[in-house]
Amino acid sequence: MRACEMDVTAEWTEHVRTGRTALTDGRIAERDAEFAALVERNARRMFRVAYSLLRNAHDAEDAVQEAFLKLYRGDGWRRMENEGAFLARTVWRVALDRLAPRRETEDAAEIAFGGESPEELAAGGDERELLRLMIDGLPEDLRQPLVLSAIEEMTSGEVAAVMGIPEGTVRTRVMRARAELKKRFAAAREVRR
């Protein structure tokens with residue numbers, strides 16, 4: 001079990017211990033077992049969704065913990081129709097809330113650091129890293145649906161539900177993102193020759 005899962009489990013167990021008045025011990029144990037199974041089934045996927053937006057492991061773990069804690073405190077998780085889409089949407093919203101204040105300092109750090117350019121990576125032959133950087137370099141409105149659909153293997157309907165946009169828009173953005181990546185990758189390969 002990942003540290004993220006253990007921290008979430010510890011937090012919601014503490015929450016239950018301090019607020020047992022509404023449920024009997026047997027019902028609490030049953031609810032806890034259901035929630036623990038939910039955490040175990042979905043923590044990794046939720047981490048990947050949060051990481052695809054935040055691009056920082058620590059922030060993604062925090063977002064997952066916060067999402068699970070919010071879910072546990074409420075009762076909506078017991079009435080989910082599509083578990084994967086519901087949980088992805090929940091962690092996506094938490095991650096979006098965390099992203100807004102971080103964006104300004106991240107942009108300043110990126111300008112100061114620099115790193116290898118796509119041309120230098122192409123010349124070095126590290127195509128996997130080049131592709132990752134190219135995906136990271138896409139505009140957010142193209143990168144996010146591409147990551148969720150291609151890397152997280154979500155359907156366009158699930159991506160639409162997570163992002164709160166129409167399914168046709170998801171398909172269009174994924175198509176545009178792939179076309180842009182293809183164009184950039186071809187240009188990088190030309191530099192290599």
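This is a predicted model: local features need pLDDT of at least 70, side-chain atom pairs count only at pLDDT 80 or more; totals for chains, interfaces and linings use all residues.
Is Arg55 buried, partly exposed or exposed? At 25% relative accessibility, Arg55 counts as partly exposed. The cut-off explains the label: buried means under 20% and exposed means over 50%, so a value of 25% falls in between.

Start with the whole chain. Its secondary structure comes to nine helices and zero strands. From the N terminus on, the elements run α-α-α-α-α-α-α-α-α. The chain has 193 residues, and 38% of them count as buried. Take the contacts between residues at least 6 apart in sequence: 71% of these join residues at least 24 apart.

Now return to Arg55. This residue is found in the loop between α2, residues 25-54, and α3. Arg55 is not a glycine, yet its phi is positive, about 55°. Next comes the start of α3. There, a side-chain oxygen of Asn56 reaches to within 3.0 Å of the backbone nitrogen of His58.

Helix α3 covers residues 57-73, which makes 17 residues. From first C-alpha to last it reaches 24 Å, close to the 24 Å expected at 1.5 Å a residue. Several of its residues are buried, among them Ala60, Val64, Phe68 and Leu71. Asp59 and Gln65 are buried too.

How do α2 and α3 pack? Two packed helices are described by the angle between their axes and the distance between the axes. The axes of α2 and α3 come within 8 Å and cross at roughly 145°. The crossing is right-handed. On the α2 side, the residues that meet α3 include Phe35, Val39, Met46, Phe47 and Leu54. On the α3 side, the residues that meet α2 include Ala60, Val64, Ala67, Phe68 and Leu71.

Next, the interior. In soluble globular proteins, nonpolar side chains tend to be buried together. Here the largest nonpolar core holds 46 residues. Phe35, Phe68, Val91 and Leu148 touch the most other members. Helices α2, α3, α4 (83-113), α6 (127-137), α7, α8 (156-163) and α9 (167-192) each supply at least two residues of this core. The largest share, ten residues, comes from α2.

Buried residues of α7 include Leu142, Pro145, Leu146, Val147 and Leu148. After the helix comes Glu153, whose phi is positive, near 55°.

A polar atom of its side chain lies 2.5 Å from the backbone oxygen of Ser52. Leave aside the neighbours of Arg143 within four places in sequence. Its contacts are then Ser52, Leu53, Arg55, Ile135, Asp136 and Leu138.

Asp136 leads on to one more arginine. The side chain of Asp136 makes a polar contact with the side chain of Arg132, at 2.7 Å. Arg132 has its place in helix α6. Its relative accessible area is 39%, so Arg132 is partly exposed.

Notes: Residues are numbered from 1 along each chain as its sequence is written. Side-chain values use heavy atoms; hydrogens and water are left out. Helices (H or I, at least four residues) and strands (E, at least two) are DSSP runs, numbered from the N terminus. The expected span of a helix is 1.5 Å times one less than its number of residues. Buried means under 20% relative accessible area, exposed over 50%, partly exposed in between (1.4 Å probe, protein chains only). A polar contact is a pair of N or O atoms within 3.5 Å; within protein, one must be able to donate a hydrogen and the other to accept it, and residues adjacent in sequence count only if both atoms are side-chain atoms. Contact means heavy atoms within 4.5 Å. A nonpolar core is a set of buried Ala, Val, Leu, Ile, Met, Phe, Trp, Tyr and Cys residues joined through side-chain atoms within 4.5 Å. Axes are lines fitted to C-alpha atoms, for helices over the stretch in contact, and angles run from 0 to 180 degrees between N-to-C directions. A crossing is left-handed if the near helix is turned anticlockwise from the far one by less than a right angle, and right-handed if clockwise.
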